[in-house]
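Colleague: I would like to go through this model with you, one topic at a time. Please keep the answers plain.

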Amino acid sequence: MVSFQDYKDKPFKANELKISSLSQAENEIRAVGVDDEYAIKLMANKAVFRVIKAYGVRNAIANILKQEFLSIGGDAAVHKDCVNCRVNESDVLLMGSVRQFRMLITRMKIQVSESSKVIEAVEKALNDSLT
C-alpha cells in the first residue's frame, strides 16, 4: 500500500498539451491508461477546443446562438448592441469543445430555418477544422 510518506517529497510536473485533433486527443487519453474505446471517444470530444466565427448573423439569431451555447458550457461573443437590437446583425465568435459544438448544432437545427442555415455554416467550419 502506498502512503503519504512515499509522495511527500516527490517533485511533480505538469505541462500544457496542445491538442489539435481528435486522434491526438485519443492517443493522449490512451497514454494515461484508458482502454475503453467508448470512453476514449467521449473524452476526446471534450479535449479538442475550437473557435469558430460566423459572419453577419441577424441579431435575434446571434442572441439565440449565444444563449444556447452558454447553456451547454460554451461561450459566444456578439456585438455589444446585439442584445438590445441596436444593430441589425453581428459577427458571432463561438468558443467551445467539439462536444459542445455538436450539442449546439443539434439544438440549433430544430430552430427556425434561418438558424439552421447559420448552424450549417458553423457545422461545416467545425468539420473542416477536424479533417
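Predicted model: local features only at pLDDT ≥ 70, side-chain atom pairs only at ≥ 80, totals over all residues.

Colleague: How far does H4 reach from its first C-alpha to its last?
Modeller: H4 covers residues 59-71, which is 13 residues, and reaches 18 Å, close to the 18 Å expected at 1.5 Å a residue. The expected span is 1.5 Å times one less than the number of residues.

Colleague: Which residues in H4 are buried?
Modeller: Asn 59, Ile 61, Ala 62, Asn 63, Leu 65, Glu 68 and Phe 69 are buried. Buried means under 20% relative accessible area, exposed means over 50%, and partly exposed lies in between (1.4 Å probe, protein chains only). As background, an α-helix has 3.6 residues a turn, so residues three or four places apart point the same way.

Colleague: What do the buried residues of H4 pack against?
Modeller: They pack against strands S1, S2 (75-77) and S3 (89-97), and against helices H5 (98-108) and H6 (113-130). Contact here means heavy atoms within 4.5 Å.

Colleague: What does Gln 100 touch, leaving aside its neighbours within four places in sequence?
Modeller: Gln 100 is in contact with Phe 69, Ile 72, Gly 73 and Gly 74. Gln 100 lies in helix H5 and counts as buried because its relative accessible area is 15%.

Colleague: With which side chain does Arg 50 make a polar contact, then?
Modeller: The partner is the side chain of Ser 129, at 2.9 Å. A polar contact is a pair of N or O atoms within 3.5 Å; within protein, one must be able to donate a hydrogen and the other to accept it, and residues adjacent in sequence count only if both atoms are side-chain atoms. Not counting residues up to four places away in sequence, the residues that Arg 50 touches include Ser 20, Leu 94, Phe 101 and Leu 130.

Colleague: How many salt bridges does the count come to?
Modeller: The count comes to eight. Among them, Lys 18 and Glu 16 meet at 3.4 Å, N to O, and both residues are exposed. Arg 30 and Glu 37 meet at 2.9 Å, N to O. Arg 30 is partly exposed because its relative accessible area is 32%, and Glu 37 is partly exposed at 40%.

Colleague: Which residue forms a salt bridge with Glu 123?
Modeller: Lys 109 does, with the closest N and O atoms 3.0 Å apart. This pair links distant parts of the chain, with Glu 123 in helix H6 and Lys 109 in the loop between H5 and H6, 14 residues apart. At 22% relative accessible area, Glu 123 is partly exposed, as is Lys 109 at 41%. Not counting residues up to four places away in sequence, Lys 109 touches Ser 116, Ile 119 and Glu 123.

Colleague: New topic: how many disulfides does a search of the whole structure find?
Modeller: The search finds zero. Cys 82 is in no disulfide, and the nearest cysteine sulfur, that of Cys 85, is 7.0 Å away. A disulfide is a pair of cysteine sulfur atoms within 2.5 Å, so the sulfur of Cys 85 is too far from that of Cys 82 for a bond.

Colleague: Is Cys 82 buried or exposed?
Modeller: Cys 82 counts as buried because its relative accessibility is 0%, whereas Cys 85 counts as partly exposed at 47%.

Definitions and conventions:
Residues numbered from 1 in each chain as written. Heavy atoms only, no water. Helix = DSSP H or I, 4+ residues; strand = E, 2+ residues; numbered from the N terminus. Salt bridge = Lys/Arg side-chain N within 4 Å of Asp/Glu carboxyl O.
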